[in-house]
Amino acid sequence: MSKVGVEMTKPVLVIEDLTVSFDGFKAVSDLNFYLDKNEVHVVIGPNGAGKTTVLDLICGKTKATSGTIKFNDIELTKLKEFDIVRKGVGRKFQNPNIYENLSVYDNLEMSFPRGRNVFGALFFKRTKDVEDRIQEVAGMIFLTDLLDTPAGLLSHGQKQWLEIGMLLMQDPELLMLDEPVAGMSVSEREQTAQLLKKISQGRSVLVIEHDMEFVKTIADKVTVLHQGRILAAGKMDDVQNDPKVIEVYLGH
Ligand code: ADP
Ligand code: MG
């Protein structure tokens, strides 16, 4: 029997002593990082701090030199990228990876786990659970009225949402997004903040972002990276008043 409210839940993602060196240059150095369920954690820091490299390490695009990345007790550093996706880790890159000639609906359908390859997605029978999931995700990403529109005709912000939706079709437990609001309008940023809050329910969300107003709205926790190391971590209010953070990042 668990004691509700007393029992501490284990972090979903546990990163310890993580280091990657590229020809002797340590892009990430002795990183310790923990992420809980229902948490939106934002990583900030100057260009070249190692933020994108951390996501590359988690999703298996880059192999660690040393250290561990445990996702629900599964060691990710030993797995291939597609296996890491199958374990429930979804990652959005900076440029949307959508099929411009296909409708919003078809892009979402294609991303449903059963329809992952092109032929499967085009020919498998539209069962009710796929249809329901598409409608649910389309609502979350503000594209219900544009399901029949070719993805190529969407605005920049809508394309970003569609790609988030495509990741949501796979119902990942951990969702990682690299600068999701870059190039978005003010109202698109506000909607994206709502979206990230909503999708963090029952999941973990790891975001890299520069826009401090946006970070303040969404972040449960903030980690500041500098030269591959953690400069500060905690609640936004504490981090933004930290003299070290102001000096290297927020001060200019
Ligand atoms: P950020 O996302 O914080 O701007 P990055 O993680 O992209 O920073 O890069 C951190 C540093 O690591 C940079 O100096 C970058 O040039 C270097 N780097 C990143 N990936 C590689 C790679 N695959 N090979 C060599 N150097 C890399
Ligand atoms: Mg980057």
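I began with D17, which counts as partly exposed at 46% relative accessibility; buried means under 20% relative accessible area, exposed over 50%, and partly exposed in between, with a 1.4 Å probe and protein chains only. This is a predicted model, so local features need pLDDT of at least 70 and side-chain atom pairs count only at pLDDT 80 or more, while totals for chains, interfaces and linings use all residues. Residues are numbered from 1 along each chain as its sequence is written, chains are lettered from A and ligands numbered from 1 in the order in which they are written, and side-chain values use heavy atoms, with hydrogens and water left out.

D17 lies in strand 1, residues 13-22 (helices, H or I with at least four residues, and strands, E with at least two, are DSSP runs numbered from the N terminus). I looked up its phi and found a positive value near 55°, in a residue other than glycine. Most residues other than glycine have a negative phi.

N72 was my next stop, with a positive phi near 50°. I found N72 in the loop between strand 4 (66-71) and strand 5, and at 36% relative accessibility N72 counts as partly exposed.

**Ligand 1**

Which residues are around ligand 1? I listed F22, F25, A27, P46, N47, G48, A49, G50, K51, T52 and T53, where near means that a heavy atom of the residue lies within 4 Å. By class I noted five nonpolar, five polar and one charged; Ala, Val, Leu, Ile, Met, Phe, Trp, Tyr, Cys and Pro count as nonpolar, Asp, Glu, Lys and Arg as charged, and the others, Gly among them, as polar.

Helix 1 gives the largest share of this shell, three residues. Strand 2 (25-35) and helix 1 (51-58) each supply at least two.

For oxygen atoms of ligand 1, I noted 3.1 Å to a polar backbone atom of A49, 3.0 Å to one of G50, and 2.5 Å to an N or O atom in the side chain of T53. Ligand 1 taken alone exposes 560 Å², and the protein buries 58% of that (Shrake-Rupley method, 1.4 Å probe).

**Helix 1**

Why is helix 1 largely enclosed by the rest of the structure? Seven of its eight residues are buried, so that is how I read it. They are K51, T53, V54, L55, D56, L57 and I58. After helix 1 comes G60, with a positive phi near 85°.

**Two buried side chains**

T77 sits in the loop between strand 5 (74-75) and helix 2 (81-86), and is buried at 19%. Its side chain makes a polar contact of 2.5 Å with the side chain of E75; such a contact is a pair of N or O atoms within 3.5 Å, and within protein one must be able to donate a hydrogen and the other to accept it, while residues adjacent in sequence count only if both atoms are side-chain atoms.

S204, in strand 8 (residues 204-208), is buried at 1% relative accessibility. I saw its side chain reach the backbone oxygen of D36 at 2.8 Å.

**Nonpolar core**

Last, I checked the largest nonpolar core: of its 48 residues, L108, L162 and I199 touch the most other members. Helix 6 (residues 156-168) gives the most to this core, with six residues. A nonpolar core is a set of buried Ala, Val, Leu, Ile, Met, Phe, Trp, Tyr and Cys residues joined through side-chain atoms within 4.5 Å.
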